[in-house]
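Trainee: I've just opened this one and could use a guided look. Shall we go through it together?

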Amino acid sequence: MKLSFIPSSPLQQLTLTLLTFTTFINLPFSPSSGHDYRDALSKSILFFEGQRSGYLPQDQRITWRSNSGLSDGWTFNTSLVGGYYDAGDNVKFNFPMAFTTTLLSWSVIEFGDSMPPDELRNALVAVRWATDYLLKTVSEPNRIFVQVGDPNIDHNCWERPEDMDTARTVYAVDAPNPASDVAGETAAAFAASSMAFRSLDPGYAETLLRAAVSAFQFADTYRGAYSDNSYIKEGACPFYCDFDGYQDELLWGAAWLRRASQEDSYLYYIEANGETLGADENINEFGWDNKHAGINVLVSKEVLEGNMYSLQSYKASADSFMCTLIPESSGSHIEYTPGGLIYKPGGSNLQHATIISFLLLVYAKYLAETSQAVNCGNVYVTPSWLREQAKKQVDYILGDNPMGLSYMVGYGNYYPLRIHHRGSSLPSIKDHPQFIACKEGSIYFNSTNPNPNVLVGAVVGGPGEDDEYEDDRADFRKSEPTTYINAPFVGVLAYFAANPSPS
């Protein structure tokens with residue numbers, strides 16, 4: 001395992017001098033004297049520039065990337081250029097992309113005031129890169145585009161996005177076929193982002209809110225999972241199948257439309273459909289496929305601040321979820337690694353750590369604003385306790401762990417060098433303009449050398465349940481970054497950048 005030492009330098013200086021060690025030094029596990037949360041925040045946002053598809057702007061800061069996917073949508077005689085690649089491949093999966101957009105927007109809504117002005121601007125640029133694309137996916141009546149790129153073909157290649165010669169298959173769902181999950185998440189993304197842009201660009205915010213209403217109408221009218229359509233299932237599964245049902249996305253979309261519009265119709269929807277849409281099921285899960293814990297925290301704001309007792313069941317579920325994080329409380333508990341990291345099986349574990357940390361901070365904020373705490377039976381949980389738990393997860397990710405390793409690329413002295421990411425691991429088109437074909441990239445995938453391009457800010461999947469991490473490009477469950485790992489982490493880091501010693 002080779003790790004690098006990076007001297008401190010301004011964010012703009014993306015040409016970094018690497019001092020590579022031939023062996024990994026397993027540092028003693030002891031908390032650091034303090035992390036530079038503002039630096040980590042800057043880098044967590046910068047990561048999204050490395051995931052961009054489409055025409056890159058002149059102020060692009062990840063300079064080893066270039067234009068890609070410029071013909072996306074041509075088979076439908078439309079433009080689907082833009083958006084983000086979800087992870088280390090070259091496919092645009094709209095289900096996780098919309099979720100990423102919702103969480104990035106939520107980060108700005110709750111913690112944008114804590115961001116330095118330049119980073120707030122960068123965060124909004126990252127949101128808009130997604131929303132501009134997502135608007136294209138709902139631009140045609142009674143149709144939603146849900147994916148661009150055939151993942152089975154794409155995953156059979158190790159190819160730079162700039163060189164893509166694989167099929168850019170477009171997957172669309174036409175009414176009355178269902179896509180409640182993708183359309184519902186897209187509605188949530190538009191509603192949340194409309195709030196993020198409301199003060200700075202009210203015209204764009206209004207466009208987004210109108211699109212949210214329309215997307216939600218499609219989701220609610222034609223109910224069902226997008227991957228239930230056989231022609232979609234072939235491309236979406238098993239990568240981003242809807243494994244947990246579409247009902248949560250309907251509640252999630254309605255909850256965000258209620259928050260963004262304050263219209264009572266969406267309040268009535270959440271009240272009336274909670275039981276039939278399974279609001280009490282899987283309440284301890286939150287991620288790109290299951291929105292329940294997020295719904296409960298989001299809706300709880302209205303209960304806490306407005307005494308909206310008709311929504312009390314959502315708050316009770318949010319409280320229950322928080323109690324699972326407390327080893328001292330009665331009832332079931334979430335699993336932690338010996339080093340203290342939240343752990344759930346299935347790979348890409350840091351998505352759980354970053355997103356639960358975000359929910360902890362958001363709920364702590366809502367509780368603190370109303371001077372309330374959580375009753376976990378034999379213990380009362382205060383907002384400060386929730387913040388402390390979130391900080392432990394953040395510090396673990398940034399290097400306070402048994403490996404002594406930062407799981408954010410480019411942050412700290414030691415971090416993964418061989419991440420599972422095509423653009424990062426292949427020579428930059430700026431340095432190697434010659435075409436590298438599908439199978440010609442295999443030598444770079446199989447190489448033991450560090451990736452030539454540093455994807456600054458990328459948070460990898462992270463260690464296993466034993467806190468162990470091998471710097472192995474082939475082990476995608478641990479070494480692959482994703483947009484939905486970083487999106488909630490932006491909000492978390494924004495909070496700690498402004499409050500490094502929370503109380």
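Mentor: Let's start with a term: axes are lines fitted to C-alpha atoms, for helices over the stretch in contact, and angles run from 0 to 180 degrees between N-to-C directions. This is a predicted model, where local features need pLDDT of at least 70, side-chain atom pairs count only at pLDDT 80 or more, and totals for chains, interfaces and linings use all residues. Residues are numbered from 1 along each chain as its sequence is written, and side-chain values use heavy atoms, leaving out hydrogens and water.

Trainee: At what angle do helix α13 and α17 pack?
Mentor: Helices here are DSSP runs (H or I, at least four residues), and strands are too (E, at least two), numbered from the N terminus. Helix α13 covers residues 383–398, and its axis is 11 Å from that of α17. The angle between them is about 110°.

Trainee: So are α13 and α17 roughly parallel or roughly perpendicular?
Mentor: Under 35 degrees counts as roughly parallel, over 145 as roughly antiparallel, 65 to 115 as roughly perpendicular and the rest as oblique. With an angle of about 110°, α13 and α17 are therefore roughly perpendicular.

Trainee: Which residues in α17 meet α13?
Mentor: Contact means heavy atoms within 4.5 Å. On the α13 side, Arg387, Ala390, Lys391, Val394, Ile397 and Leu398 take part. Their partners in α17 are Phe489, Val492, Leu493, Tyr495 and Phe496.

Trainee: Where does α17 bend?
Mentor: A bend is the angle between axes fitted to the seven residues ending at a residue and the seven starting there. For α17 that angle is about 30°, and the place is Phe489.

Trainee: How many of the 16 residues of α17 are buried?
Mentor: Buried means under 20% relative accessible area, exposed over 50%, and partly exposed in between (1.4 Å probe, protein chains only). Helix α17 is largely enclosed by the rest of the structure, because the buried count is 14 of the 16.

Trainee: Is Ser348 buried or exposed?
Mentor: Ser348 sits in the loop between β7 (342–343) and α12 (350–369), and has a positive phi of about 50° although it is not a glycine. Its relative accessibility is 12%, so Ser348 counts as buried.

Trainee: And Asn77, buried or exposed?
Mentor: Asn77 is in the loop between α1 (37–50) and β3 (92–93), with a positive phi of about 55° although it is not a glycine. Its relative accessible area is 73%, so Asn77 is exposed.
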